Amino acid sequence: SEVQVPLKPGQYGLVVEVDGDGDTKVDFPGMEYRQWVLEKNQHKIRLEKDLEPKEVFLEIVPQNDVIMHWALRIGTSRISRCYEFEADGVCMSWETLLHKGYDITKQRLGVVRKPHREITAWCKRFGAENSYNATGNGLLGGKNCQDFVVELCEFLGIDTEQLPYRQAEKVKTVLGAGALVAADAALGMGLVAGAVDMGAAVGTAAMAAM
């Protein structure tokens, strides 16, 4: 980091990048920006392998009384990460970026052994290959947060039958095929309202219907 930030003994973070000079970029909880630890200072930190089993939770994050944002939390130890997809792309952080003050519902889905490094690489590919659209399922050229969770669960080997019925599909089923455009407009209002760019998003951003 250009602005040096002192680290305290026992502080931990997740390595997100190692450059050609051996410098390490670390995502520390509670810090707004990810920090570079130079190669000459590597002796001051201890790198640990990410081999422990990780519990997986679906986090249902209400955006209002109707719209529900989905995120996937992986891990229950100190290195617990929230993976989600919104208008700015794929976000990987310690907490959801779309908390609106409503209570978050959590549903345990299982346990995986994949390291965060592999999960992060998959998320970056998803972000590069998909744009965001509130309707989801690629019907209008994009996918939404619930599509992302389903596909990430498939990558992790998690049984997707445990997941709630996707909201976009539920609305369209109730309204019928003749009301497709109306359903798309309804789902677009508020699904990604107030998305915050914390510098952790990857992929191509797409404007959501407002």
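**View 1. One side of helix H1 is out in the open.** Arg117, Ala128 and Glu129 are exposed (over 50% relative accessible area; buried is under 20%, partly exposed in between, with a 1.4 Å probe and protein chains only). This is a predicted model, where local features need pLDDT of at least 70, side-chain atom pairs count only at pLDDT 80 or more, and totals for chains, interfaces and linings use all residues. Residues are numbered from 1 along each chain as its sequence is written, and side-chain values use heavy atoms, leaving out hydrogens and water.

**View 2. The buried face of H1.** His116, Ile119, Thr120, Trp122, Cys123, Phe126 and Gly127 are the buried residues here.

**View 3. Arg73 and its salt bridges with Glu59 and Glu95.** A salt bridge puts a side-chain nitrogen of Lys or Arg within 4 Å of a carboxyl oxygen of Asp or Glu. Glu59 and Arg73 meet at 2.6 Å, N to O. Glu59 sits in strand S4 and Arg73 in strand S5, so this pair ties together parts 14 residues apart in sequence. Glu59 counts as buried at 2% relative accessibility, and Arg73 does at 7%. Glu95 also bridges to Arg73, at 3.2 Å, N to O. Together with Lys106, these residues are linked in a salt-bridge network.

Definitions and conventions
Helix = DSSP H or I, 4+ residues; strand = E, 2+ residues; numbered from the N terminus. Arc of directions from axis to C-beta.
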